[in-house]
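Visitor: I have some questions about how the terms are applied here. Please show me the structure before we start.

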Amino acid sequence: MKDLIIAINSGSSSLKFQIYQFPEEKLVVKGLFERIGLSEAMDLTYSLADKKSSHLVIGTTHEDAVRFLLRFLIKQHIVSDLSEITGVGHRVAHGGEFFPGSCLIDSDVLEKIKSLSHLAPLHNPINIMGIEAFQKNLPNCPQAAVFDTSFHQTMPEENYVYPLPYTLYKEEGIRRFGFHGTSHQYVATEASKTLGKKIEELKIVSCHLGNGASICAIKEGRSVMTSMGFTPLAGLMMGTRCGDIDPSILTYLSREKHMSIEEIEKMMNQDSGFKGVSLISSDTRDVEEAYKKGEPQAKLAMNMFCGRVKQTIGAYAAELGGIDLLIFTAGIGENSALIRQLSCEGLTFLGITIDPEKNQQNHSIINQEAGQAVVMVVPTNEELMIVRETNQLIEQ
């Protein structure tokens, strides 16, 4: 009898999965359904036994993807019976103050997740689709929710309350929540293990830089500050999101340009960031290529992004009273040597120095030996964190 746990990360037109065997934490298969709902078929790519394959899957919904996945597991002899799947863990973006940690999903939990959808309208409704698809097709299997916001519930009050009328926090729950918590927790834990130190002994700044980006200050193993806020729009400039801006810009656009709330939200979430500034692309790879060719808008976008990363690292070093470990992770953080270089320039006063050769070669540790702070590139694995949390909940 196998003991398999599935990690699910549902996107608007995608469903990412990884399946681990416990207690070994052995990765059995991982894959990604893409283009869900965009045509009569979706693309599936997966890795099984170190071999990569792809399929065209007939279907238009997340539930179609889930049904195919369960049939696929039997057809590929990964399981002989679906009862060998002992748990499914779902990434859920927003847990609000309801969920200070991961939890098993029952009807009350699901209703609370639904009630938070207005706080993460691009994420929670899609996460719910994945949950309901598995509940329908694997009804006897425990389901767990692992929240992006939970890791940041340890922030002190002065770091999560906004300087607005306090009644807005007490009555409406308007506060900083933070996101990417599963990723920040995972990379900080793994980096500490690599260094042979306890996470509680280190002052850590974790930079999760992808199409969505956030930075987290970690002290004594706990999140004490993070750049995203009430929603994933706040903080750093991102692929299509503006990050922090003067809030009066919004009232100006409404009053002077007669833009509706919906138009302003779309502009900030979908038409800003790298896409809006570079006039080239929301993909940093395209912008970086143009930057190297001397394109002025690409240069501006790159300098803005890396400048904000650098400013936040400095602010969080102040919050922590120093920095022992700086981590770069996620798609940009793990793969762009140029962005890591630009983001760390001028931080020698904090003991942060980058070895150019190690950085270009994507070494795990990229700081110069003389540097006081360790600078690491750590591949994130939110799915592994999700199955670990799910396994712990099932075993309780």
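Visitor: Which residues does Cys207 touch, not counting residues up to four places away in sequence?
Guide: This is a predicted model. In it, Cys207 touches Ser214, Ile215, Val309, Ile313, Leu326, Ile327, Phe328 and Thr329. Contact here means heavy atoms within 4.5 Å.

Visitor: What makes a set of residues a nonpolar core?
Guide: The members must be buried and joined through side-chain atoms within 4.5 Å. The largest such core has 46 residues. Val205, Cys207, Leu209, Phe305, Leu326 and Ile352 touch the most other members. Helix α11 (residues 296-320) gives the most to this core, with ten residues. A second, separate core has 28 residues, including Phe17, Tyr46, Leu73 and Ala133.

Visitor: Why is α10 called roughly perpendicular to α13?
Guide: The axes of α10 (residues 284-292) and α13 (residues 337-344) cross at roughly 70°. Angles of 65 to 115 degrees count as roughly perpendicular, so α10 is roughly perpendicular to α13.

Visitor: Which residues of α10 and α13 meet?
Guide: Thr284, Glu288, Tyr291 and Lys292 in α10 meet Leu338, Ile339 and Leu342 in α13. By class, this contact has four nonpolar, one polar and two charged residues.

Visitor: How do you know that β3 and β4 pair?
Guide: Pairing needs at least two bridges. Six bridges join β3 (residues 26-34) to β4 (residues 41-48), so these strands pair. They run antiparallel. The bridge partner of Gly31 is Tyr46 in β4.

How values were computed:
Residues are numbered from 1 along each chain as its sequence is written. This is a predicted model: local features need pLDDT of at least 70, side-chain atom pairs count only at pLDDT 80 or more; totals for chains, interfaces and linings use all residues. Side-chain values use heavy atoms; hydrogens and water are left out. Helices (H or I, at least four residues) and strands (E, at least two) are DSSP runs, numbered from the N terminus. Axes are lines fitted to C-alpha atoms, for helices over the stretch in contact, and angles run from 0 to 180 degrees between N-to-C directions. Angles under 35 degrees count as roughly parallel, over 145 as roughly antiparallel, 65 to 115 as roughly perpendicular and the rest as oblique. Ala, Val, Leu, Ile, Met, Phe, Trp, Tyr, Cys and Pro count as nonpolar, Asp, Glu, Lys and Arg as charged, and the others, Gly among them, as polar. Buried means under 20% relative accessible area, exposed over 50%, partly exposed in between (1.4 Å probe, protein chains only).
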